[in-house]
Amino acid sequence: MKPLLLALLCVSLFAEDAPKKASPPAKQPLVPAGVEVDAGTLEILRRINAVGPYEVPDLRLKRETNYAHTSTDLEPYGGIKPYKEHFLTQMEYTGPGRTIPEPTDLKTVKIGFIGPIQSTVSIATGGKSHEEALGVKMLAGARLAIEEANAKGGYLRRKLPFELAVVNDNGLWGSTGNEVVKFAYTEPVWAILGTIDSANSHIAIRVALKAEIVMMNSGDTDPTFIETNIPWTMRCIGDDRQMGYMMIDYIMRKMQYKRIGIVRSSNRYGRFGVREIRDSSRRLGHPVAIEMAYKVGLDDYSLQIDRLQEANVDAIVHWGDAREGAIILKQLRARGMNQPYFCSDRAVSKEFTNLAGAAAEGVIAGFPWDPEARNPRFDAFRERYKKRFNEEPETYAAHAYDGMNMLIWAVQVAGLNRAKIRDILATRSKPWPGATGDIPFSAVLDDAGEVFLARFEKGAWHYYSREQLQIPRGYIPVRERVARGLETEEKK
Amino acid sequence: MKFLTTTALLLIPAVACAQAPAAKKLPYVYTKWKQFTKADGLPNDHIFAVKSDGDRLWVGTEGGLALIDKKTGKVKSWTEKDGLPFRVVTGIDIDPKTGDVWLALFGGGLARFSAGRFDHWHQLNSGLVNDVVYGVAVENNNVWAATTAGASRMNMVTGEWTIFTEKNAPMEEIWNYGVHYRDGKVHLAVWGSGVLEYDIATERWKDYLDPDAEMEIDLYRDDGIVHVITTGANYVDKVLWVSTYFGVCRYDGRNWRAFYNMDSGIPSDFNNNLRARSGNEAWFATDKGLGGIMDAATNTWVAYTRDPKSNTGKAIVSRDKTVLETVEMGLNLPHNYIIAIDTDGNDIFVGTAKGLAWGIGDGYYAGVKERPRIITENRSKAK
């Protein structure tokens with residue numbers, strides 16, 4: 001009984017003492033003025049701010065019933081109920097990082113950029129690198145986002161400027177890993193944007209996972225990039241899976257082509273890019289008639305074209321860089337092969353149309369966004385970009401701009417804590433209102449937004465949604481595969 | 001004794017035993033734990049590697065290397081100021097012939113700690129294929145390094161290096177994550193390429209891949225590796241154990257068996273690493289606690305977690321998904337995010353994202369045996 005009385009006395013004493021205490025200082029707002037947050041994000045912020053190092057906050061993890069908008073007839077092993085499905089429940093970070101205090105001795109708030117911006121040796125080509133044209137645009141978009149943030153006051157909690165820490169994605173001997181280690185430990189940044197090459201991106205995210213730092217990707221469309229279960233990895237651009245689904249629906253369901261020939265680069269971009277085209281064709285009952293790979297940088301594709309011709313295909317899909325896509329197209333047409341020509345998004349470039357000339361007319365490419373959409377955010381970005389760089393923004397610049405703005409926003413909301421920056425991005429309740437359109441994250445933190453087909457018509461690319469082209473699609477189920485009956489059972 | 005000792009407050013009086021349900025075949029449960037953190041002298045609380053070597057315990061952290069004297073509990077540490085070539089130590093192995101300590105440095109290459117001196121190999125002075133080294137293993141006169149751009153092997157006698165990539169090994173991808181040597185075989189856990197087995201005698205490779213070859217599903221539970229993104233592989237008693245971020249599995253040379261959180265006692269499917277003690281027992285470093293399969297034949301697990309709000313922990317004993325026993329105890333793991341594990345004799349050592357745990361295996365036994373349940377349902381009574 002004594003301890004109880006003592007406790008009551010203590011409560012009473014403190015209760016009497018309470019009014020005598022000095023008024024607490026005015027509460028700092030949870031998020032600095034000028035940073036847009038909705039109630040959902042504020043609640044997440046409260047939760048992650050409240051946990052101790054051993055706790056895992058309830059972040060209202062997303063739970064999806066279908067992976068990547070895959071229709072039932074395109075699901076792998078569609079006639080079999082799989083034992084386990086991955087990627088339906090959002091990944092979470094359960095470590096202690098949320099309680100690491102914000103450092104006090106900073107002069108700038110560094111955000112890392114890794115991308116192919118200088119010529120080097122390429123693993124993909126076995127010779128000269130080939131993605132600098134894309135990387136330079138990516139850097140420009142990222143730089144513009146940083147400059148705009150600084151013009152608005154920088155890191156608003158402490159009035160510190162943002163600084164873009166830039167490294168070249170050399171790619172040789174896995175150097176991307178070394179660069180991310182530097183970003184994590186020796187020249188630390190708060191989050192990283194990068195990169196384009198798929199192999200290098202995979203190397204980067206493995207380091208990011210171990211070092212616990214957000215890696216936002218705005219230029220690698222390899223579907224497997226995000227299929228790694230890493231809670232620190234995000235992507236703000238539509239991937240080759242989504243573009244592949246749309247393209248195969250157009251080719252087979254709408255146009256009724258039955259015999260497809262694929263010609264692709266022999267690197268990871270080509271190998272993984274066509275995977276959904278190849279698999280979906282088979283699942284729809286019309287396996288790809290022929291698939292030919294080539295080494296990047298060739299000028300003569302007669303071997304590949306001979307085989308395509310022998311296979312007597314209805315349509316040809318190319319997955320690779322703009323240069324190779326254009327050269328192959330011209331050589332096809334010169335051979336009198338006038339089949340419809342489909343490409344990956346890298347064809348949508350001046351390099352492609354300049355090289356292909358008149359042959360470019362009618363070419364269709366998958367595309368991760370719609371530059372012609374009436375989007376005031378894109379219009380405003382476009383004006384500022386043109387003013388800053390004296391040129392039109394393209395895909396890599398626009399997506400890097402969006403990705404960098406997402407990182408900046410998360411830093412402003414979460415503060416300087418890598419785990420909280422991750423949480424804020426991962427749990428965003430509404431799609432990011434990007435210059436490239438709305439960017440909603442899936443459970444695996446991939447851009448689950450709409451993708452498009454680009455068609456080169458009368459000297460210009462035009463962009464079409466699935467609805468505009470009236471492309472049919474298969475049934476997208478609302479239940480997980482493991483919760484569904486087998487096809488035969490459902491029929492009963 | 002600087003380090004904190006917490007021993008579970010167990011009460012197994014004769015009366016309690018008499019009231020307990022009939023004895024079942026149950027596994028051993030670690031109830032005595034010690035913890036080590038920066039407060040005890042570790043250079044950093046983020047533990048990436050642990051390696052027990054008799055009376056010594058080597059600890060690789062995000063901020064340096066540490067050595068714990070098991071007898072005294074004293075901690076000695078090395079950072080870059082002391083000659084450690086790079087601060088982040090992600091793998092440790094001991095050369096049984098010389099006692100040399102080999103270190104995988106995450107962005108710093110490979111180091112050997114011998115007689116108080118660090119020797120350093122990196123991309124620019126050796127055949128190490130990349131400086132981001134995830135794991136290291138000593139195999140006879142060779143030391144293997146699992147790097148982010150392939151595996152490297154150095155002959156410690158001749159100084160000759162061999163690089164293994166997609167050009168001379170069946171690596172679909174070259175992103176090596178873990179390396180382990182035992183009984184004449186080197187196993188590489190390769191992110192995106194499953195597990196590769198190198199037979200020392202024949203110098204031949206064998207690959208283990210996910211048979212369904214799909215990232216988003218596991219078609220059949222027991223058809224092979226659960227996923228190609230592997231994080232660790234251990235080979236003991238001619239049994240291969242594999243950890244992945246999607247579940248774990250076991251291969252006895254004839255049959256595969258997968259284990260998921262939904263069908264076993266493993267705390268989570270996200271596994272950073274593993275340590276196999278035998279063909280029947282293996283431990284998994286998950287993001288939600290420590291999972292030990294104590295009897296593979298019966299799918300009997302013990303999952304250890306700490307209470308996030310108090311200095312207590314518990315162990316859940318389960319078979320398939322049926323909980324057989326819940327053992328509450330004092331603090332066991334410093335944190336539930338587990339990164340590295342080692343076993344030595346009866347003891348277990350666990351590296352977490354916020355400190356190191358040492359489970360003392362007094363009375364340890366392998367497998368399961370009939371014993372009364374450990375009565376700790378009401379800790380207040382125990383106290």
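Is Tyr364(B) buried or exposed? In this predicted model, Tyr364(B) counts as buried, with a relative accessibility of 16%, where buried means under 20% relative accessible area, exposed over 50% and partly exposed in between (1.4 Å probe, protein chains only). The model is a prediction in which local features need pLDDT of at least 70 and side-chain atom pairs count only at pLDDT 80 or more, while totals for chains, interfaces and linings use all residues. Residues are numbered from 1 along each chain as its sequence is written, chains are lettered from A and ligands numbered from 1 in the order in which they are written, and side-chain values use heavy atoms, with hydrogens and water left out.

Tyr30(B) is likewise buried, at 0% relative accessible area. Over all chains, 51 aromatic pairs are counted; rings of Phe, Tyr and Trp (its six-membered ring) pair if their centres lie within 6.5 Å, and planes under 30 degrees apart count as stacked, over 60 as edge-to-face and the rest as tilted. The ring centres of Tyr30(B) and Tyr364(B) are 6.4 Å apart and their planes lie at 25 degrees, so this pair is stacked. The pair links distant parts of the chain, 334 residues apart: Tyr30(B) lies in the loop between β2 (24-27) and β3 (32-36) of chain B, and Tyr364(B) in the loop between β33 (355-360) and β34 (368-371) of chain B.

Chain B as a whole has two helices and 34 strands, assigned as DSSP runs (helices H or I, at least four residues; strands E, at least two) numbered from the N terminus. Of its 383 residues, 65% count as buried.
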